[in-house]
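Subject: Structure handover

Hello,

Here is the structure for your files. My notes on it follow below.

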Amino acid sequence: MTRYLAALALVAAGTASFRAAEPIRYRFSFPEPQHRWMQVEATFPGITQQTLELRMSRSSPGRYSLHEFAKNVYDVHAFGADGRELALTRPDSYGWNAAGHGGAVTVKYKVYGDRVDGTYLAVDTTHAHINMPAAVMWARGLDDRPSTITFVPPAGARWQVATQLYPGDGKPTTSEFEFTAPNLQYLMDSPAEFGPVAMRQFAVGATHFRFALHHTGSDAELDRFAQDAAKIVRQEGGIFGEFPQYEPGYYTFLADYLPYADGDGMEHRNSTVMTSAASIATSRTDLLDTVSHEFFHCWNVERIRPQGIEPFDFDRADMTGELWLAEGFTQYYGPLVLHRARLVDLAETARTLTGLIEAVRSPAHLARSAEEASRMAPFIDGGRSIDRTNWSNTVISYYPYGGAIALALDLTLRDRTDGKTTLDDFMRAMWRAFGKPGGARPGYVDKPYSVRDAEATLAAVSGDAAFAHDFFAKYIEGREVADYARLLARAGFTVRPRNPGRAWLGDVRLDTRRGVRVSTLAAPTWPLYAAGIDQDDELQQVDGTRIGGDQDLQAVLQRHKPGDAVSVAFVDRTRVQKSATITLAADPHVEVLDAGTLTPAQQEFRASWLGSKEIQ
Ligand SMILES: [Zn+2]
């Protein structure tokens, strides 16, 4: 009860207009959940605009491509202040305009949704999994209005709501199904799980956490999983030295581990949505990795926020050049924290390091920098188009790209200072400068950062502006790859060739369905590329051996060594017969291994890096 009152006080304090402006009222009901649609009724009182512009979002916070949520909305009817139906006009594919309303509009519509993940709406007989931008029609110009949201369960269903929305609607008669959002930004950032939610609560110091789970497993599994989530929370709290002030008074993990879910994790200010078709019993480490990644976001991206996505624009794809830091550094810390919390072993951590280094060594780093890769998010983060792209050669995902940069920066800082300065210090400095100051309105960040701010923070933390400038110029704005072998050696890890001495002509795969065709785009660093061979070309002979599939190619490579020249006969996709000579290279792929026997200095370096950092 105290928390509920505190939350309402926060609403009142956070929005000066809360008492002045009448809230927008949303009502969600489910007449036919088996048919996967939700009935929405939204009332906009006190309208001063002649025409109320109703919109469905084109994008969703934390997802950078367009999802065009208007496509699932139908049976739209609007009514004016006197209850008469209004004739709606369509200014574009995403909007409905209501004129002649007399100062209030109630719009009623159906919205279909059948995808359990962090972006969409999913309705069925077991639950309603609601991402607000996929469900909610909003009105232009009313961003600062609070809204109330009423969830109406299907007849006979014993559903409850888990969400970061503020509990209650400000009235004494409030029910467990009534919630409040202080403004549009906060509403859109507040997903809700409405179903048979199992809830576990824990506190770290004075900060409260809830783990809300919809799954098909046992209570004992949930108990243990929530305990592991608490370990992660304590480790990440230790990195920043404190937890943010969660606006409703607590942070909520919303997990749907259901056979019909799509795998996803989506961050929000005071909650996260985590979905998976896997179960706790079978995929514990993967699911904990998502917990670790998403919770780190309550600092990094939700509050330590890049300028390009603050405030979030629901009318377009939001773009920023800093996702290498917002997502990439989070990608680095997720598995690192699992190790610090002793939820993964050294072999698993070595595999994670291999993945980061292999990603940043991809030839694609020659085409786009980490900053440029970040700006590709609207196309690659769930974006859809039907034409072929050459992204395998030109874009590294900013997740592992930024993760590899975080690894290089952490080890470089530790290397320079013998462990006295670390990436944890950088993150804490970013938190204090840009996250902790918060926002005048709930759900807003008043001091989002630019890439120059991040560089200046590194200069301050390292005490060396030239070092900071050089690091950003080389690895973030430039195309260089750090010397991971040297850096990791300090922590007792070896970076070595995955296939020492193996001849290689590229990571080529063959499709044998129509002839023997190259099914992969050739990269400029491959010997195959130099020979003029690319995707869809038909490989006939290599070194005199007829090629019938991948095994034949491997057999040829095995009898050669790097530097050997082999002849190739192929038919290009315009059906012209060609031949070429390929000079085989050494397989460039590497792996990270525990060096085994460590010096005392290596042991100390590793313990400082991978050891527990629990908040006190
Ligand atoms: Zn993320």
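Three helices, α7 (323-340), α8 (346-360) and α19 (600-610), each supply at least two residues to the lining of the second largest cavity. Helices (H or I, at least four residues) and strands (E, at least two) are DSSP runs, numbered from the N terminus. The largest share of this lining comes from α8, with 4 residues. The lining residues are Y332, P335, L336, T349, T352, L353, L356, W609 and L610. By class they are 7 nonpolar, 2 polar and no charged, where Ala, Val, Leu, Ile, Met, Phe, Trp, Tyr, Cys and Pro count as nonpolar, Asp, Glu, Lys and Arg as charged, and the others, Gly among them, as polar. The volume of the second largest cavity is about 70 Å³.

Please note that this is a predicted model: local features need pLDDT of at least 70, side-chain atom pairs count only at pLDDT 80 or more, and totals for chains, interfaces and linings use all residues. Residues are numbered from 1 along each chain as its sequence is written, and side-chain values use heavy atoms, with hydrogens and water left out.

A cavity here is a set of points, on a 1 Å grid over the protein atoms alone, where a 1.4 Å probe fits but cannot get out; lining residues have an atom within 4 Å of a point. Grid points are joined across faces, edges and corners, and a volume is the space filled by probe spheres set on the points. The count is 4 cavities of 30 Å³ or more. The largest cavity holds about 120 Å³, and its lining divides into 4 nonpolar, 3 polar and 5 charged residues. Among them are D189, R269, E302, R305 and E310.

Next, the sheet. It is open, with 5 strands in the order β17-β18-β19-β21-β20 and mixed pairing; two strands pair if DSSP finds at least two bridges between them. At the edges are β17 (198-204) and β20 (264-267), each pairing on one side only. β17 and β18 are antiparallel over 7 bridges, and A203 has H208 in β18 as its bridge partner. These two strands form a hairpin with 2 residues between them, and G205 in the turn has a positive phi of about 60°. β19 (250-257) and β21 (271-276) pair in the parallel sense over 6 bridges.

Helix α6 (280-296) packs on the sheet, touching β18, β19, β20 and β21, and its direction makes about 145° with that of β19. Contact means heavy atoms within 4.5 Å; axes are lines fitted to C-alpha atoms, for helices over the stretch in contact, and angles run from 0 to 180 degrees between N-to-C directions.

Regards

Definitions and conventions: On a 1 Å grid over the protein atoms alone, a cavity is a set of points where a 1.4 Å probe fits but cannot get out, and a pocket is an open set with protein on both sides within 12 Å along at least five of seven lines; lining residues have an atom within 4 Å of a point.
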